[in-house]
Amino acid sequence: MAASGVRSCGLSGLLPAQTSLEYALLDAVTQREKDDLVYQYLQKVDGWEQDLSVPEFPEGLEWLNTEEPISVYKDLRGKVVILDFFSYCCINCIHLLPDLHELEHTYSDKDGLLIVGVHSAKFPNEKVLDNITSAVLRYNITHPVVNDADASLWQDLEVSCWPTLVILGPRGNMLFSLIGEGHKEKLFLYTSIALKYYKDRGQIRDNKIGIKLYKDSLPPSPLLFPGKVTVDHATNRLVIADTGHHRILVIWKNGQIQYSIGGPNPGRKDGLFSESTFNSPQGVAMMDNVIYVADTENHLIRKIDLEAERVSTVAGIGVQGTDKEGGAKGEQQPICSPWDVAFGTSGSEVKRNNILWIAMAGIHQIWALLLDSSKLPKKNELKKGTCLRFAGSGNEENRNNAYPHKAGFAQPSGLSLASEDPWNCLFVADSESSTVRTVSLKDGAVKHLIGGERDPMNLFAFGDVDGVGIDAKLQHPLGVAWDKKRNLLYVADSYNHKIKVVDPKTKNCTTLAGTGNTNNVTSSSFTESTFNEPGGLCVGENGRLLYVADTNNHQIKVMDLETKTISVLPVFKSENAVVDGPLRLEKPKSVPKLPKSAPSIRLSPVTVCPGQTLQFKLGLDLPSGTKLTDGVPSCWFLTAEGNEWLLQGQIPSGDIENISSQPTISLQIPGNCLSLEVVLSISVFLYYCSADSSACMMKGILFSQLLRITETQAGCIAPVELKHAF
């Protein structure tokens, strides 16, 4: 715990002295006056008979971005330390990260500064280290982070809200606290003067802390934390917000990239595709060769013109806005963390997409950007380009109301439009209240659909329960998609790692897919499928397919709503694709030559149709008393001699790491088949040795699968068993 000669105390011990300082700073005019006031404050606090000490980090906590656990009174002695108490779901915590990034670029650990993130979960899902790891990667957090899963430090220091910053001196002594976002000036002032004060006294040490970034160990991936996905019904294309790569991908339905715009690094630049940049884009909507993008961390709405191959800004000024009314022309109107966008109407009889609806997560509201002159409910005629609030008071609440401006949202993160009667509404995934709500396009009334509870101030009514209306429970849903063919709503129940389906007529909510397990298990069945914080989804192929952005698995999953099967969409680059952001893909492995003694097994023919996913389940047995050879990867390969089109965009090879848990191989039949009969070859190579490793061997086997392709819709095909005992 604390060092001797100090007293442990919560943040309340700082309150009287820091309050006096902040009142004095209000009267200070020059920077010199402010610096002097903070310096004098530190003299006072440093001169207390006993320090207000921070507790030692408890043993056994999980750490990220460090070589080993950190000690306050060993590793951090001689440093000015900022403890950032945060929760990765919290938009206010996300807003604070750019300030911390800038501070880290201004002062390093050699200068005597270190930031430590103390992750204190709101939702149960956020206590899991793997999920925190994904968030650390997603938000490019490069300082040490500790998983305070049981909130022990939070409680010891009497922290009360996210985010809270606690600034420590070089003895682990508490100096300042900052509660909430928006304190950048004070953060830099307090930090710079604290470093100067303790340097003047020779108490700052320039030793380096052992930082080991988790992101440096990641393999390359075509997608990185894809946040949202949408379908362009007119041109058979998908648009993916490849959020972690800070880019937008336009791809064909077979996964081939047509355009890659932006990336790999964050930025804020309009212009040609080759020079344009984004910063963690989320929501995307496409119509008439134009894509609108919620450029979340740039606080902008961007427009991508595919014909002109240019990117422009249509709303936002590039800095976080606090205006909760709006009304200015888009490019002059500050906005705040837009998370999703959807085309729609203003409820008029003529159904035309003249409005871009915006889920403004950062200020808990729904906004509208007018793509043409029009009227909103209870508003006069508005000019084209106007950007303004439509619903939500700006207070973080789960409050429903017939008057849209009196309703309250809590970090709305997903939108989907049902323009037809009797719905005529926007569906809203309201993440922090763990609800799905509706906003009427006729009068703006905000109503409850599922999740949450009746107390509008309770944002902790979450769970994983199928049920009706308020009895159904979600955990931080981030996406919704309307299926007008079936009059159903699909929900990305993100922190429960599931896809759920809601009948808005009865308010009945049931699990459609996902076990709740985050392991990326390959399964074609809805009931056995897994997701990891899916963030967005959309309906395509006239209601046959549901595309899911499986964010933490870095994949787009394709759910066939008719056959109840699921597959992974391969994302690949062709030589003819217009790709301006670099796409890092591993070179395909060459197929080794099978030994002459390798058995060849001809499988029974299978009838398939275009678009269908076929799975092959490996079930190979090694001789008794042997094991797979360490360091030599056993592997499988797919080939289709003379019919290479079958494998375009597929995953043609993979490793076998564990003989007791062998992989399932997936193959999606292309939509455009060039032959009605194809032989698929599956070559398997096993490298194994005796238990004492005194002798090592390689065995191979060839499976031949005849595929008969028909246009007739086939039913669900059971996985093909690939069995053999060596």
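Colleague: Which residues is Gln662 in contact with, leaving aside its neighbours within four places in sequence?

Modeller: Gln662 is in contact with Leu618, Gly619, Leu620 and Ile656, where contact means heavy atoms within 4.5 Å. This is a predicted model, in which local features need pLDDT of at least 70 and side-chain atom pairs count only at pLDDT 80 or more, while totals for chains, interfaces and linings use all residues. Residues are numbered from 1 along each chain as its sequence is written, and side-chain values use heavy atoms, with hydrogens and water left out.

Colleague: What makes Gln662 buried or exposed?

Modeller: Its relative accessible area is 14%. Buried means under 20%, exposed over 50% and partly exposed in between, with a 1.4 Å probe and protein chains only; Gln662 is therefore buried. Gln662 is placed in the loop between β44 (653-656) and β45 (664-668).

Colleague: Why is α3 called roughly parallel to α6?

Modeller: The axes of α3 (residues 91-106) and α6 (residues 184-200) cross at roughly 25° and come within 11 Å. Angles under 35 degrees count as roughly parallel, over 145 as roughly antiparallel, 65 to 115 as roughly perpendicular and the rest as oblique, so α3 is roughly parallel to α6.

Colleague: Which residues make the contact of α3 with α6?

Modeller: Asp99, Leu100, Glu102, Leu103 and Thr106 of α3 meet Lys184, Leu187, Phe188 and Thr191 of α6. These residues comprise 4 nonpolar, 2 polar and 3 charged.

Terms used
Axes are lines fitted to C-alpha atoms, for helices over the stretch in contact, and angles run from 0 to 180 degrees between N-to-C directions. Helices (H or I, at least four residues) and strands (E, at least two) are DSSP runs, numbered from the N terminus. Ala, Val, Leu, Ile, Met, Phe, Trp, Tyr, Cys and Pro count as nonpolar, Asp, Glu, Lys and Arg as charged, and the others, Gly among them, as polar.
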